[in-house]
Amino acid sequence: MKKRMTRLLATAACGLLAGAAQAQEAEVMHWWTSGSEAAALQVFTGAFEAAGGTWIDNAVPDFESAIAAATSSIIGGNPPDALQFNAGTQFADLAQLGYLGDLSGYAEAGNWQKALPPALYDAVSYDGKVYAMPVDNHGENWLWVNRKAMADAGVALPESWEGFFPMLDKLKAAGVIPVAHGGEAWQELELFYQIMMFRGDDALYRAIVVDGDTSALETPEFAAFAGDFRKLTDYVDAGAPGRKWNDATQMVISGQAAMQFMGDWAKGEFVAAGLVPGEDYDCVLGFGGEDRFVISADVFVLPEAAEDAAARDLLVATMMSPETQVAFNELKGGLPARLDADVSGMDACAQKGYAAMQTPEFQVPGPEISASADRVGAIQDAVTQYWNTPSETPADFAAALRDALEMTAE
Amino acid sequence: MAVLSRRSLFRPGGAAVALWPAWIIVLGAYLGTMVWTVAVSLTPSKLVPVMSFAGTAQYERLFRTARWLTSVENMLVFGVLFIAAAMVLGTLMAIALDRKIAAEGVVRTVYLYPYSLSFIVTGVVWQWMMNPTLGIQKTMNDLGWTSFRFDWVVDPERAIYAVVLAAVWQSAGLVMALVLAGLRGVDEDLWKAIRVDGIPIWRGYVSIVLPVLRPVMVTAVVLLGIGVVRSYDLVVAMTNGGPGTATDVPAKFIMDFLFVRSNVGLASAAATVMLAAVAAAIAPWIYAVYLRRR
């Protein structure tokens, strides 16, 4: 209510001022409302206003409502100047129907093709044109490890996947919960490809999620993966189902659990607890130096109907500036979307992620980038069902995934 | 104004005019959106509704989707158990209060209190209580009863019963209040007749008084039934459909496909099936109550 009043007043004030000075005002719709997100957003608003613009904030808490609100405002014909989406197929429908502004001119001028990781550039392009600007790059496949819990149990991270379960056995014997897990469907989907990355099965991931190739489900690699995925359920505590991701992170922070697989947003929890990477905890992207990086990103689209060239120029200039992206992501927990940004001032985990991003074959496009929301959802249903049904065999799992891929084939 | 007589404004013709806004709302908002939903379910719509005909493809996919079948089964299990348990428990509580026990006011408030909580609060509290590493099980285990188990909410086989338990706890008080109001309205002479005939009290309730309260019972069942169809918030707060898809319900399925998975076509097909199911369930009742008497 308060926010709405503020907006109303802001709009009224802008209306009054419009006659006097042609301020470049832009209404921006987003879902960044948590503490660290809101703080990070201030970097953008600050930079935009410092450059002479007027930022009209339109925050819709909760990602699902925000997507619904964004979609209906675009189709309704009176959209804000910029709207947040996730990189990938989410906004492809809107681009296809001509609702989104073509940013190819900006992309060429700013050399985005060279500055962005190839997977991310593909994710913001549709039919050869660029329709969105990515502002961050989140690694989804991090392993967060409590150093003290590991030292107390007398174990160290293995050099390859083979050493992983023996290490978990020792942790279990030492009375620590080996893996903190939040048993929600989306977290189980994350775990599904996180384990694939740590096992070195990125080809399998690409075949299933990116290409939708059902023959990959027949391979011995898939059977071995499915076996290990099932085995991991033995190292998770009984209270996992329904647990929120940040509650699981707190278990690692307190030392009740030794480690958690989670995207880089978990770093915010460690930072808030006053822990230092490399001293109190480790952030790991792979064993034995094989640091794969699963990309997901927040992007902004500029609807065709909200054409205001000056505001648009200023928005793109602000959000695509390497320095602003670095400042933004220091607070948000991700990496700048641009590979040409200077990250030397960022923390150890960000440095590690940035180093992994330099190897193109280890850059893996996340599910949201690779497949339709419909397909990702169908895969998620199959994964969470397998994880939670001890009687389901790897062959059942393969059959469920085959169904998911076939039903969502375009 | 002078031309319009009072008659045409307020007599039958005028009443019809006064009802027009209501008719517009009913036809436009309710029937219109129903027709729209059915129409969209026959299209290949994804994020945005598109009007091209796709036949029954969405329905074919819907009934091949394991998660949909689970959610329908869950709604049936939940609906039958929840309505039966809430009715029995609520009626027993009402009868207990009707026997004029001591401190009735306090007990009545306590019974009705859960109903003042939202489904969200109910779900979260019961989730904590039934979580084996936080709630009752942990307390009992810590007290030394190490074999005690109360972990329904994390057990895929039993999680739906955990949801039923929480829902009954929340809603039994409502049934109690309705039935108690009905019992208090029963004519004293009826009880006198029961006493004169020497009929046992339990028999008096089962065979005479409760049948008299049939309209109250129907109201209670309808209210609970509506709760079943929109059993969305309780499930979201308590299990979010998990573990796995063990406690998924149709309403959650539809919301997921409508918003998160941008598949408006499939969500509309699911909503249409729900509409048909609800219509099939209440059609006999409408027939019995409104049509047969004429």
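**Close-up views of a predicted two-chain model**

**View 1. D57(A) sits in strand 2 (residues 53-59) of chain A.** Strands here are DSSP runs (E, at least two residues), helices are runs of H or I with at least four, and both are numbered from the N terminus. This is a predicted model, in which local features need pLDDT of at least 70 and side-chain atom pairs count only at pLDDT 80 or more, while totals for chains, interfaces and linings use all residues. Residues are numbered from 1 along each chain as its sequence is written, and chains are lettered from A and ligands numbered from 1 in the order in which they are written. With 17 other C-beta atoms within 10 Å, D57(A) is partly exposed (20 or more would be buried, 12 or fewer exposed, with C-beta atoms placed from the backbone). Leaving aside residues up to four places away in sequence, D57(A) touches V28(A) and T45(A); contact means C-beta atoms, placed from the backbone, within 7 Å.

**View 2. Here are the two domains of chain A, domain 1 (2-138 + 296-358) and domain 2 (139-294 + 366-407).** Their bounds come from an automatic or database domain assignment. The C-alpha centres of the two domains lie 30 Å apart. Across the boundary, 19 residues of domain 1 are in contact with 19 of domain 2. On the domain 1 side, helix 7 (118-124) and helix 17 (348-357) of chain A each supply at least two residues, and helix 17 gives the largest share, 6 residues.

**View 3. An open sheet of 4 strands in chain A runs in the order 9-10-8-11, with mixed pairing.** Two strands pair if DSSP finds at least two bridges between them. Strand 9 (177-179) and strand 11 (281-284) are the edge strands. Neighbouring strands are turned by 20° against each other on average, direction ignored. Strand 8 (residues 142-146) pairs with strand 11 in the antiparallel sense over 4 bridges, and L143(A) has V284(A) of strand 11 as its bridge partner. Helix 13 (residues 245-254) of chain A packs on this sheet, touching strands 8, 9 and 10 (257-262), and its direction makes about 145° with that of strand 10. Axes are lines fitted to C-alpha atoms, for helices over the stretch in contact, and angles run from 0 to 180 degrees between N-to-C directions.

**View 4. Finally, meet the place where chain B touches chain A: 31 residues of chain B are in contact with 28 residues of chain A.** Helix 4 (66-98) and helix 13 (250-260) of chain B each supply at least two residues of the chain B side. The largest share of that side, 3 residues, comes from helix 13 of chain B.

Technical notes:
Contact = placed C-beta atoms within 7 Å.
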